[in-house]
Protein chains: 2
Amino acid sequence: MDSTEYTILQNKFAVILCRPEIPENIGLVARNMKNTGFNDLRLVGISSLEKKTIVTAVHAREILENARFYDSVADAIENLDVIFAATAKARKRFSLLPMEEALNKMSNFTGTTRIGLLFGNERTGLTSEELLHSNFRFKIPQAGNQPSYNLASAVLVTLFSIFSSEASISKAFYGQPLSRDDQEACLHRILLNLEKKGFIHETNKNHVEEKFYDLFGRLTMTAEDRNLLLALFSKGTK
Amino acid sequence: MDSTEYTILQNKFAVILCRPEIPENIGLVARNMKNTGFNDLRLVGISSLEKKTIVTAVHAREILENARFYDSVADAIENLDVIFAATAKARKRFSLLPMEEALNKMSNFTGTTRIGLLFGNERTGLTSEELLHSNFRFKIPQAGNQPSYNLASAVLVTLFSIFSSEASISKAFYGQPLSRDDQEACLHRILLNLEKKGFIHETNKNHVEEKFYDLFGRLTMTAEDRNLLLALFSKGTK
């Protein structure tokens, strides 16, 4: 890879850590990002860094200095388009991709598509609410079920795989998705509509919403897709 | 991989840490070994483990309990056949393999060949004397020269690469899609519905239908997906 290609890679990806608990892990993540050529770090649910974090971020302090803090995943995905969430275990209502396929998908978005890599808290992983903001879930292969990877290890394995696969250079097979914000706004609008029509009600709300976000998240909706979806779902509402 | 294949992988490789200084790193190495299916850990230049090491070795204590301690690399390579040393920088008098080639070589040895993976001290790396005990040196690819990988990260990247190149992970990630026939029957039913409602008419029919098939074809619809889609689209038709 020449340096232009590095820059493209760096600009294409952001690492989002949800409610990280162990300060050393954040520093290790920064160091792992630096090693593999990434620089956009976003932290959800914390508002400052501890000294222990700085210590483990050997030679990667500028990544910490430029890190951004957010109250929620909804805020943290600002200006990103497609979100891939790393999960250690399958969830009932969210589909799961093998890692290889997730990596392939990432490489098939154009270079201008901004991809967020979402990682959960060390003990709890990602909550269902956090997963709602993802287009795809993937599982990092491992030899047994216990233990799951350490947080910094999960990030490293993901970033190293992106970095070292030659396929990391954009192949531009997919249309440019809407920003994740706009995707969610569209889904929200359809859901409201369905609620109004009585299709969604108190007893099925969580279930249907999660399935709905999973189903339509997988489309990584383009502007054209949105037009069709909104048209389809607005029909019969008047 | 079935369990026999895991066992072969585990028996084929040993991880040797030379003079590790940071106790947490040894625990993280154990955890990373556990995640990727390795179990033979050898420690050179230390004679016992600290409490901090146990703490970071989440669910991987048995690897620490079975770890062996040695005074020198010469002793630590007992009953191993081929030694690969990880080095962050090229050395004057030692040839260096790209990581890919080192991995290829490892996989080309028979299952009964015992391979040692040698990693150096966090600050100094491997000394020339230590490197003398290696058959091959390899460098883990990284985006810049600074910093080198953290010790546990270097081990992880190596083990994960071995594990994922030898592994054939279960492919059963997708829900079972409906037969293509059944997928199309579902789409056809929705389209008829949309036609009845006047959303599709003579002038836009081809255009909308093709977009529609593209959009929903990408879902590789399961029976569950179909139920949701049919429910969603039937709403408001009566």
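1. B:Glu130 is buried at 6% relative accessibility, where buried means under 20% relative accessible area, exposed over 50% and partly exposed in between, with a 1.4 Å probe and protein chains only. The model is predicted, with pLDDT of at least 70 needed for local features and 80 or more for side-chain atom pairs, while totals for chains, interfaces and linings use all residues. Side-chain values use heavy atoms, without hydrogens and water, residues are numbered from 1 along each chain as its sequence is written, and chains are lettered from A in the order in which they are written.

2. B:Glu130 forms a salt bridge with B:Arg19, their closest N and O atoms being 2.7 Å apart; the term means a side-chain nitrogen of Lys or Arg within 4 Å of a carboxyl oxygen of Asp or Glu. Because B:Arg19 lies in the loop between strand E1 (13-18) and helix H2 (23-36) of chain B and B:Glu130 in helix H7 (residues 128-131) of chain B, the pair ties together parts 111 residues apart in sequence. Helices (H or I, at least four residues) and strands (E, at least two) are DSSP runs, numbered from the N terminus.

3. B:Asp40, buried at 9% relative accessible area, meets B:Arg68, partly exposed at 33%, in a salt bridge of 3.2 Å, N to O.

4. B:Glu209 and B:Lys205 form a salt bridge at 3.2 Å, and both lie in helix H10 (residues 205-217) of chain B, four residues apart, about one turn of the helix.

5. Over all chains, the structure holds 28 salt bridges.
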